[in-house]
Amino acid sequence: MFIAVDLVRLVELLQFPFMQRALLGGVLLGLLGGLLGSFAILRQLSFFSHTVGHAALLGIVLGVLLNLDPTLTLLPFTVFFGLAVIYLIAQTDLWSDTVLNIVFSASLAVAVIALSFIQGYRGSLMNLLFGDILAITTKDLILSLAVLVVSAVSLGLTLRAQVLLTLHEEMAKAQGVAVRSHRIWFIVLLSLAVAIAIKAVGVLLVNAFLVIPAATAKLLSQKFAAFVLLSTAIGALSAVLGILLSAAQNLASGPSIVVAQFALFVIAVALFRLRRLPSPSERGAGVH
Amino acid sequence: MGQNLLATTTLISIMSIDTETARLIGLFQFPFMQRALLSSVVTGLLGGLLGSFAILRQLSFFSDALGHSALLGITLGLLLNISPVLVLLPFAVLFGLGMLYLLERTQLSTDALLNIIYSSSVALAVIALTFIKSYKGSLTQLLFGDILAVRETDLLLSILLLLVCAVFLGLTLRTQMLLTLHESLAKAQGIAVQTQRTWFVVLLSLVVALSIKAVGVLLVSTFIVFPASTARLLSQRFTGYILMSTGLGALNAVTGLGLSAALNLPSGPSIVITQMALFLLTIALSSLRLISSPEGI
């Protein structure tokens, strides 16, 4: 009976334009995160996007300080930041994980201190950290769609090169793939995706959009193309489930989506383990 | 020329700083301030000591992910009405061991797995925190820390942990060095690599858990990463590097705390800013070749 009441309330909620925008935004961001994430986790860029996501707080604070639209500041900021980080990693002889850690914590600390000087903004630090998908505007939707289309087209057209680059970099080089420019372009796309998703899920959880659906898909798929498509689909599915959960139970939207992603991941782990348990007949078949 | 410049700026600032100093000295008369000071020294020593091994073993993001996930541990403590520190310590150790176990079992890469675990923990913690009415306001404190809220129990625990770490690492120093720099050689020499690694992860988890109060879950890994990275640029020998990292950890924490008290800034971020400043200074000096670059490590 409780569920029935919840359902009625949910249907009512879905009549509101802000709710429809949130759902559409969730689907777009889920698709985008799943698509880019599938390449990113195989290229071991999970902590790169974590770093860009956390550092984005500094970008937002800069926007607020300069009195600019945060979204507009954030896009160039994350792209510039992402490229700078990649450059730094190449330049120093510290490990990439150490450099990433240094860069993100320094940006975060500077951002928090700067925020403490901006009167009247302190209260919405939580919004910046955990996002608010209900605040998505039509402009955000158009931007997400644009980045999604650009990503899908550019990755789709160069799919063979991307797959080679991801799975076997030496071979890609030997075959004359422009490894460097492909990699830089991917970093740009990834940084843009992080910037766009931040409004919905906040700087702390934005990375989940890239990592969790892709990891889930990886456990469930054997072929590369299927993996990419599955990851994209899981991204969208978990976003919708999360938003519905958030609306039905009146929970924060960003964390709800991540919980939905995590639930799907746990299911995938369970399936993976069940399937992977070698039955006696399978073992026999393997020998012959 | 550099010294001249330094002298001039110091002269100019001394005049305005005079009253500031008086205020600062006044502040440090308070017991909570003395506790914070002592706590920052101990936390800094701990982070620097463990960090010197951790960054070489590429555990930087392990401590970061553990820090983020600790939010869930704290939340559990609040829900069960138990002192957060008491929940946090076993939580951190379980997390560390759980991660080691998971990494061996799944085919996912370390970084992806760490990211999944910390994101989910943060998400669950934030949702759970919304159910705890009285606690909603101080989420910022959990995220960015408040060294002024350190109590005597926390301090005693940190000192105890520092002793344990120093004794453990001191007694097994040769083993730890070999394990860090040349794992296959360590195995060949019959070192119980697995056991040593597990012990180290347990200690690291405890250190992260105890440092959270001072800098919060988001910035706690800086205690591990910054002093060690700075020391690495400055030192040639392994033992010198460990000692320097430990010393820098304490120096950074105290300077950061002073900065926070003098300018009335949040303590966690102030410590991180100090760490960053020293790190950048070291990079600048080492790229100017004023100090030798590390070839030894």
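How many salt bridges does the rule find across the interface of chain B and chain A? The count is 0, where a salt bridge is a side-chain nitrogen of Lys or Arg within 4 Å of a carboxyl oxygen of Asp or Glu. The structure is a predicted model, in which local features need pLDDT of at least 70, side-chain atom pairs count only at pLDDT 80 or more, and totals for chains, interfaces and linings use all residues. Residues are numbered from 1 along each chain as its sequence is written, chains are lettered from A and ligands numbered from 1 in the order in which they are written, and side-chain values use heavy atoms, with hydrogens and water left out.

The overall make-up of chain B comes next. Chain B contains 13 helices and 0 strands, helices being DSSP runs of H or I with at least four residues and strands runs of E with at least two, both numbered from the N terminus. Of the 297 residues in chain B, 54% are buried; here buried means under 20% relative accessible area, exposed means over 50%, and partly exposed covers the range in between, with a 1.4 Å probe and protein chains only. Among the contacts in chain B with a separation of 6 or more, 76% come from residues 24 or more positions apart, a contact being heavy atoms within 4.5 Å. The accessible surface of chain B amounts to about 13,000 Å², and carbon and sulfur atoms hold 69% of this area; accessible areas come from the Shrake-Rupley method with a 1.4 Å probe, and for residues only the protein chains shown count as cover.

The interface can now be described in more detail. The size of an interface is often given as the accessible area lost when the parts come together. Between chain B and chain A the buried area is about 4,400 Å², with 76% given by carbon and sulfur atoms; this area is the accessible area (1.4 Å probe) that two parts lose on being put together, summed over both. Chain B brings 47 residues to the contact and chain A brings 49 residues. Although the interface has 0 salt bridges, the rule finds 8 residue pairs in polar contact across it, both residues at pLDDT 80 or more. A polar contact is a pair of N or O atoms within 3.5 Å; within protein, one must be able to donate a hydrogen and the other to accept it, and residues adjacent in sequence count only if both atoms are side-chain atoms. The elements that give two or more residues to the side of chain B that touches chain A include helix 2 (31–56), helix 3 (60–80) and helix 13 (267–287) of chain B. Helix 5 of chain B provides the largest share of this side, 15 residues. By residue class, the side of chain B that touches chain A holds 30 nonpolar, 13 polar and 4 charged residues, with Ala, Val, Leu, Ile, Met, Phe, Trp, Tyr, Cys and Pro counted as nonpolar, Asp, Glu, Lys and Arg as charged, and the others, Gly among them, as polar.

B:Ala128 is buried at 16% relative accessible area. Leaving aside neighbours within four places in sequence, B:Ala128 is in contact with B:Thr75 and B:Leu79. The C-alpha atoms of B:Ala128 and B:Thr75 are 7.0 Å apart, although 53 residues separate the two along the chain.

Over all chains, the salt-bridge count comes to 8. In one of them, B:Glu152 pairs with B:Arg35, with 4.0 Å between the closest N and O atoms. This pair links distant parts of the chain, as B:Glu152 lies in helix 7 (residues 152–171) and B:Arg35 in helix 2 of chain B, 117 residues apart. B:Glu152 is exposed at 54% relative accessibility, whereas B:Arg35 is partly exposed at 24%. B:Arg197 forms a salt bridge with B:Glu183, the closest N and O atoms being 2.8 Å apart. B:Arg197 lies in helix 10 of chain B and B:Glu183 in helix 9 (residues 183–188), so the pair ties together parts 14 residues apart in sequence.

In chain A, A:Asp140 sits in helix 7 (residues 138–157) and is buried, with a relative accessible area of 9%. The side chains of A:Asp140 and A:Lys199 are joined by a polar contact of 3.1 Å.
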